[in-house]
Amino acid sequence: MDAATVAERLAALQAERVDHRFKGLPPDAEGRTLAELAAERRNLFSGGFTTPVLALSAERLAHNLELMETYAARHGLAFAPHGKTSMAPQLFHRQLAHGAWGITLALPHQVRVARAFGIRRIFLANELVDTADLRHLAAELAADPDFRFICYVDSVRGVELMDAALREAGAERPVEVVVELGAGEGARTGVRTEADATAVAEAVAHAETLRLTGVAGYEAQAPGASPERVQAWLHRLTAIAVEFDKAGRFAGAEEIVVSAGGSEWFDAVADVFAEIPELSLPVLKLLRSGAYVSHDDVHYRRGTPFNRVPEEGALEPAFRLWAQVISRPTADEAFVNAGKRDAAHDLDLPVADTVRRDGVARPAAGIEVTALSDQHLWLRTGPEADVRVGDWIGFGLSHPCTTFDKWQVIPVAEADGTVVDFIRTFF
């Protein structure tokens, strides 16, 4: 897909009409395109937006993109941010503009979304054994010589299924695969032992439709993850790459891919990957962190590697969920009109941050979220809480991956509330 077609498809996202599909947008904007609404530069708080509404900070989003670009370059890492976090093609292309090698994804339908918007390098951090998806992949690779696709393998059976499906599809180009090393017992996917890794690599060698390109995994799944345990697992991963190279298992590859890195341990990835010795081919040290793009106010704020290496900078939480107080039945409780359908809650409850009344914002003192219903947040209010029906309350959220997926269109607002863009998601 050429650049002009990609630009047209991205522009088409902004040509969508505001209507009943998109919550939080101004009712009086119905019929306008998202581009027209953005051009009006309405204020999030006074321009007719309705609650609940999720907004991204324009300044913090830009800061996070720039920070991770700088971090990856400083440590000699290629960067394929995990697109499952946002499933927003506009953000994919901003990430690419900030130096990303490509985009990581988790499922075949996510690959189709990325391809529909011209993403040329995709790392599927998962196994792929479905016949229909492999048939589609073979066609994509055949149609576009510039499309590069890499995915996990972790079993001989999986390799056999891939090979059979690709042969049946008449695959013209071999699919690049990396052996996934599981992070330990009780972890998720991936081989558990070096012997298993070797068996999978040997199976790939006998499959003409596949090409072994490297090794990969996800370090945060290490049981009782700590700096020491994560580094120990990363050393296992890189040692397998070294041994595979000595055994000539990367024959036919143009480079050796070694990949890891979620959003909690990329400092350990940078340290261990820096120790990889010179191999027979260039090494693509591929980091895959995804949550950084919006960061958050609880889980990743608490666990970000930048807490351990503050001299490297700091990510900033870019999301704020705004909801309105609709009930104040007692002196120690209040309810707002957002709930499980609007706010991430799988890791932590939302955190009340700001109260807005009559155009004035102040800290949300004495307000605690205690529970969520489908369409309500339950608030416990202390004596110091000044909360009235009609107030807007801004909430920080935990876990970007389960925040983006609750919103099809997300306004991007500047610090004063001016809405300058809209992000379209595809889940």
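1. Glutamine 95 touches Leu65, Pro81, Ala100, Ile103, Tyr292 and Val293, leaving aside its neighbours within four places in sequence; contact means heavy atoms within 4.5 Å. Glutamine 95 is found in helix α4 (residues 89-97), where helices (H or I, at least four residues) and strands (E, at least two) are DSSP runs, numbered from the N terminus. With a relative accessible area of 3%, glutamine 95 is buried (buried is under 20% relative accessible area, exposed over 50%, partly exposed in between, with a 1.4 Å probe and protein chains only). The C-alpha atoms of glutamine 95 and alanine 385 are separated by 40 Å, and the two residues are 290 residues apart along the chain.

2. A word on the source. This is a predicted model, in which local features need pLDDT of at least 70 and side-chain atom pairs count only at pLDDT 80 or more, while totals for chains, interfaces and linings use all residues. Residues are numbered from 1 along each chain as its sequence is written, and side-chain values use heavy atoms, with hydrogens and water left out.

3. The largest nonpolar core has 108 residues, and those with the most contacts inside it are Phe149, Val175, Ile393 and Phe395. Such a core is a set of buried Ala, Val, Leu, Ile, Met, Phe, Trp, Tyr and Cys residues joined through side-chain atoms within 4.5 Å. Helix α9 (residues 227-246) gives the most to this core, with eight residues. A second, separate core has 17 residues, including Val18, Phe49, Val419 and Phe422.

4. Which residues does phenylalanine 149 contact, leaving aside its neighbours within four places in sequence? They are Val111, Ile122, Leu124, Leu128, Leu137, Leu141, Val175 and Glu176.

5. The largest pocket holds about 600 Å³ of space. Of the 31 residues that line the largest pocket, His82, Lys84, Arg188, Tyr218 and Gln221 are the closest to its centre. On a 1 Å grid over the protein atoms alone, a pocket is an open set of points where a 1.4 Å probe fits, with protein on both sides within 12 Å along at least five of seven lines; lining residues have an atom within 4 Å of a point. Grid points are joined across faces, edges and corners, and a volume is the space filled by probe spheres set on the points. The lining of the largest pocket has 13 nonpolar, 13 polar and five charged residues; Ala, Val, Leu, Ile, Met, Phe, Trp, Tyr, Cys and Pro count as nonpolar, Asp, Glu, Lys and Arg as charged, and the others, Gly among them, as polar.

6. The second largest pocket has a volume of about 370 Å³. Its lining has 20 residues, with Ser57, Arg320, Trp322, Glu414 and Ala415 nearest the centre. By class, this lining of the second largest pocket divides into 11 nonpolar, three polar and six charged residues.

7. The structure holds 31 salt bridges, each a side-chain nitrogen of Lys or Arg within 4 Å of a carboxyl oxygen of Asp or Glu. In the salt bridge between arginine 236 and glutamate 194, the closest N and O atoms are 2.8 Å apart. Arginine 236 lies in helix α9 and glutamate 194 in helix α8 (residues 194-205), so the pair ties together parts that are 42 residues apart in sequence. Arginine 236 is partly exposed, at 26% relative accessibility.
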